[in-house]
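Subject: Structure handover and notes

Dear colleague,

Please find the structure below, with my notes after it. Could you read them with the coordinates open?

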Amino acid sequence: PLLYPVTKQWYQRRVRGKGVVTGYRRGLRNQDSSISLVKIEGVTSKADTEFYLGKRIAYVYRGLKSRKNKITKRDTKLRVIWGKVRRAHGSSGVVRASFRTNLPPKAIGATVRVMLYPSRV
């Protein structure tokens, strides 16, 4: 993490936040696995979710076999499914997110990385 001085104290510059996948968007009998519900750490109201709309989400998991990373050209078992925060879900700070491929059921309860980009400021 990058550190920079502000008034004689050192603050940590954040690049990402934490979130937890709580499930899929659903009704009483049907669920839509293309829309995942994510609870972002420190977000407790619908007004707080406004900042995170459009931000990228990364679900990082470990596969069985190692594959070559396209950028670093090294073998790795880590894989990523990228998604985006679409809108708020309810009034308690949960957001709806859609991923490039639907999240697997084992992702429910797992942590995701909420990137603080792209900026809408």
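Predicted model: local features only at pLDDT ≥ 70, side-chain atom pairs only at ≥ 80, totals over all residues.

Residues are numbered from 1 along each chain as its sequence is written, and side-chain values use heavy atoms, with hydrogens and water left out.

Overall chain

The chain has one helix and eight strands; helices (H or I, at least four residues) and strands (E, at least two) are DSSP runs, numbered from the N terminus. Along the sequence the pattern is β-β-β-β-α-β-β-β-β. Of the 121 residues, 30% count as buried, where buried means under 20% relative accessible area, exposed over 50% and partly exposed in between, with a 1.4 Å probe and protein chains only. Contact means heavy atoms within 4.5 Å. Among contacts between residues at least 6 apart in sequence, 58% join residues at least 24 apart.

Helix α1 covers residues 46–49 and includes T49. T49 is buried, with a relative accessible area of 2%. Its side chain reaches the backbone oxygen of K46 at 2.5 Å, a polar contact, that is, a pair of N or O atoms within 3.5 Å; within protein, one must be able to donate a hydrogen and the other to accept it, and residues adjacent in sequence count only if both atoms are side-chain atoms. Leaving aside neighbours within four places in sequence, T49 is in contact with V43, A88, G93, V94 and V95. The C-alpha atoms of T49 and G93 are 6.0 Å apart, although 44 residues separate the two in sequence.

A47 is also found in helix α1, but A47 is exposed, at a relative accessible area of 60%.

T44 lies in the loop between β4 (31–40) and α1 and is exposed, with a relative accessible area of 58%. Beyond its neighbours within four places in sequence, T44 is in contact with K39, S91, S92 and G93. T44 and V94 are 50 residues apart in sequence and 7.9 Å apart in space, C-alpha to C-alpha.

R79

R79 is found in strand β6 (residues 75–89). R79 is buried yet has no salt bridge, a salt bridge being a side-chain nitrogen of Lys or Arg within 4 Å of a carboxyl oxygen of Asp or Glu. The nearest side chain of opposite charge is that of D75, 9.8 Å away; here Lys and Arg count as positive and Asp and Glu as negative, while His and the chain ends are not counted. The side chain of R79 does reach the backbone oxygen of K65, at 2.4 Å. Leaving aside its neighbours within four places in sequence, R79 is in contact with Y59, V60, Y61, G63, K65 and R67.

Largest pocket

β5 (56–68), β6 and β8 (111–115) each supply at least two lining residues, and β6 gives the most, with five.

Backbone points to check

K73 lies in the loop between β5 and β6. Its phi is near 65 degrees, a positive value in a residue other than glycine, and K73 is exposed, with a relative accessible area of 56%. The peptide bond from Y117 to P118 is cis, with omega near 0 degrees; P118 is found in the segment after β8.

Regards
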